[in-house]
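Here are my notes on the model you sent over, in numbered points.

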Amino acid sequence: MPLYDYRCEQGCGEFRAFRPMAESSQPAPCPQCDTPAARTLAAPMLAGASPGWLGASPAAGGGWRRACGFGCSHAGCR
């Protein structure tokens, strides 16, 4: 089952949920307040076989986190 990103409009923040593809366009209930939350656009996870493929390894704060440029809020992107 795919993992989708959502944002609660009531201020609870962002969360992820595994949902069937048939439900991908439907809102998901926020795990904190149960308000329906819309799906957000997320950059795909990019990973390479070698440690230097996209810079430093993700464990060192590099890799796909540095490649993400879509206004994301991942730790280490800013």
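1. Elements first: helices (H or I, at least four residues) and strands (E, at least two) are DSSP runs, numbered from the N terminus. This is a predicted model, in which local features need pLDDT of at least 70 and side-chain atom pairs count only at pLDDT 80 or more, while totals for chains, interfaces and linings use all residues. Residues are numbered from 1 along each chain as its sequence is written, and side-chain values use heavy atoms, with hydrogens and water left out.

2. Overall make-up. The protein has 1 helix and 4 strands, and from the N terminus the order of elements is β-β-β-β-α. Of its 78 residues, 21% are buried; buried means under 20% relative accessible area, exposed over 50%, and partly exposed in between (1.4 Å probe, protein chains only). The protein exposes about 5,500 Å², with carbon and sulfur atoms supplying 56% of that area. These areas come from the Shrake-Rupley method with a 1.4 Å probe, and for residues only the protein chains shown count as cover.

3. Contacts along the chain. A contact means heavy atoms within 4.5 Å. Among contacts in the protein with a separation of 6 or more, 20% are between residues 24 or more positions apart.

4. The sheet. In what order do the 4 strands of the open sheet lie? The order is β2-β1-β4-β3, with antiparallel pairing. The edge strands are β2 and β3, each of which pairs on one side only. Two strands are taken to pair if DSSP finds at least two bridges between them. As background, strands of a sheet pair through backbone hydrogen bonds, either parallel or antiparallel.

5. Strand pairs. Strand β1 (residues 3-8) and strand β2 (residues 13-18) run antiparallel and are joined by 6 bridges; one of the pairings sets Leu3 against Phe18 in β2. The hairpin of β1 and β2 has 4 residues between the strands, and Gly11 there takes a positive phi near 95 degrees. β3 and β4 also run antiparallel, joined by 2 bridges, and Ala28 stands opposite Ala37 in β4.

6. The aromatic pair. The structure holds 1 aromatic pair. The ring centres of Tyr6 and Phe15 are 5.5 Å apart and the planes are at 15 degrees, so the pair is stacked. The cut-offs here are centres within 6.5 Å for rings of Phe, Tyr and Trp (its six-membered ring), with planes under 30 degrees apart counted as stacked, over 60 as edge-to-face and the rest as tilted. Both Tyr6 and Phe15 are buried.

7. Salt bridges. How many salt bridges does the structure hold? There are 3, a salt bridge being a side-chain nitrogen of Lys or Arg within 4 Å of a carboxyl oxygen of Asp or Glu. Arg16 and Asp5 meet through their side chains at 2.6 Å, N to O. This pair links distant parts of the chain, with Arg16 in strand β2 and Asp5 in strand β1, 11 residues apart. Asp5 has a relative accessible area of 16%, so this residue counts as buried.

8. The other two pairs. Arg7 and Glu14 form a salt bridge whose closest N and O atoms are 2.4 Å apart. Arg7 is partly exposed at 39% relative accessibility, and Glu14 is partly exposed at 46%. For Arg19 and Glu23, the closest N and O atoms are 3.1 Å apart. Arg19 is buried, at 11% relative accessible area, whereas Glu23 is partly exposed at 30%.

9. Ser24. Leaving aside residues up to four places away in sequence, Ser24 touches Tyr4, Tyr6 and Arg39.

10. Asp34. Please take a look at the backbone here: Asp34 has a phi near 70 degrees, a positive value in a residue other than glycine. Most residues other than glycine have a negative phi. Asp34 lies in the loop between β3 (28-29) and β4 (36-39), and with a relative accessible area of 57% this residue is exposed.
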